[in-house]
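Please load the model in a viewer and keep the sequence panel open beside it. The stops below are arranged as a sequence of selections, each followed by what is to be found there.

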Amino acid sequence: MRGYWLQSKNNIELCAISELRPHEECEQDRLMTLLASIVKDGVLKKPIAVDKGTRVILDGHHRFEALKCLGCKYIPCVMFNYKSPLILVKSFGDGKNIPKEQVLKAGLSGKLFPPKTTKHLVFTWKGLVHISRFEPDINIELELLR
């Protein structure tokens with residue numbers, strides 16, 4: 001695995017929302033619930049996970065869509081090297097592997113997967129963990145993202 005980095009602890013970038021590409025659709029009920037929570041709190045609590053090379057969103061589609069709805073121009077992103085063998089993609093339904101190339105193709109082409117199709121996992125010394133474990137609490141005010 002030499003030569004592959006995953007992401008560093010401080011590898012958070014403020015990215016233009018217009019540069020990012022989702023690979024999955026959002027569930028409308030979940031989006032509305034999250035949107036109400038973000039408006040009530042006035043902050044975004046966590047960044048999203050993004051492939052550094054292609055700007056395809058790996059995790060955080062609902063946060064991304066919520067900020068778009070709120071007129072935000074920027075979103076904090078934890079940047080990952082999606083080529084890393086430490087990242088694995090499984091399907092939510094049956095747990096089968098999904099090729100990363102399909103995820104990137106969906107994001108870059110705009111032909112999105114249905115909600116909750118992919119689950120991104122990371123190999124750690126503790127075993128497999130969901131990629132969201134690498135998204136730290138940030139609590140950034142919405143006004144800073146507009």
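Two strands are said to pair if DSSP finds at least two bridges between them. The elements named here are DSSP runs, numbered from the N terminus: helices are H or I runs of at least four residues, and strands are E runs of at least two. The model is a predicted one, in which local features need pLDDT of at least 70 and side-chain atom pairs count only at pLDDT 80 or more, whereas totals for chains, interfaces and linings use all residues. Residues are numbered from 1 along each chain as its sequence is written, and side-chain values use heavy atoms, with hydrogens and water left out.

**First selection: the four-stranded sheet**

Select β1, β5, β3 and β4, which in that order form an open sheet with mixed pairing. The edges are taken by β1 (12-16) and β4; each has a single partner strand, so one side of each is left without a neighbour in the sheet. On average, and with direction ignored, neighbouring strands of this sheet are turned by 50° against each other. For such angles, axes are lines fitted to C-alpha atoms, for helices over the stretch in contact, and angles run from 0 to 180 degrees between N-to-C directions.

Within this sheet, β3 pairs with β5 (residues 74-80) in the parallel sense, over four bridges. Which residue of β5 is the bridge partner of Asp 51? The partner is Phe 80.

Next, move to the loop between β3 (48-51) and β4 (57-59), where Arg 55 is found. Arg 55 is not a glycine, yet its phi is positive, at about 70°. Most residues other than glycine have a negative phi. With a relative accessible area of 21%, Arg 55 is partly exposed; buried means under 20% relative accessible area, exposed over 50%, and partly exposed in between, with a 1.4 Å probe and protein chains only.

Select α2, which lies across β3, β4 and β5 and runs at about 120° to β4. Seven of the nine residues of α2 are buried, so this helix is largely enclosed by the rest of the structure. The buried residues are His 61, His 62, Arg 63, Phe 64, Glu 65, Ala 66 and Leu 67. Their cover includes α1, β2 (43-44), β3, β4 and β5. After α2 comes Gly 71, whose phi is positive, near 80°.

Helix α1 (residues 28-41) packs against helix α2 (residues 61-69) at an angle of about 60°, the axes being 9 Å apart. That makes α1 oblique to α2; angles under 35 degrees count as roughly parallel, over 145 as roughly antiparallel, 65 to 115 as roughly perpendicular and the rest as oblique. On the α1 side the contact is made by Arg 30, Leu 31, Leu 34, Leu 35 and Ile 38, and on the α2 side by His 62, Arg 63, Glu 65, Ala 66 and Cys 69. Contact means heavy atoms within 4.5 Å.

Five bridges join β6 to β7 (residues 118-124) in the antiparallel sense. Val 89 has His 120 of β7 as its bridge partner, and Ile 87 stands opposite Val 122 in β7. Further along, β7 and β8 run antiparallel and are joined by four bridges, with Phe 123 opposite Leu 128 in β8. A hairpin of two residues connects β7 to β8.

Select Thr 117, in the loop between α3 (100-109) and β7. Is Thr 117 buried or exposed? Thr 117 is buried, with a relative accessible area of 18%. Apart from neighbours within four places in sequence, Thr 117 is in contact with Glu 24, Lys 90, Ser 91, Phe 92 and Ile 98.

End at Asn 139, in the loop between β8 and β9 (140-141). Its phi is near 45°, a positive value in a residue other than glycine. Asn 139 counts as partly exposed, at 46% relative accessibility.
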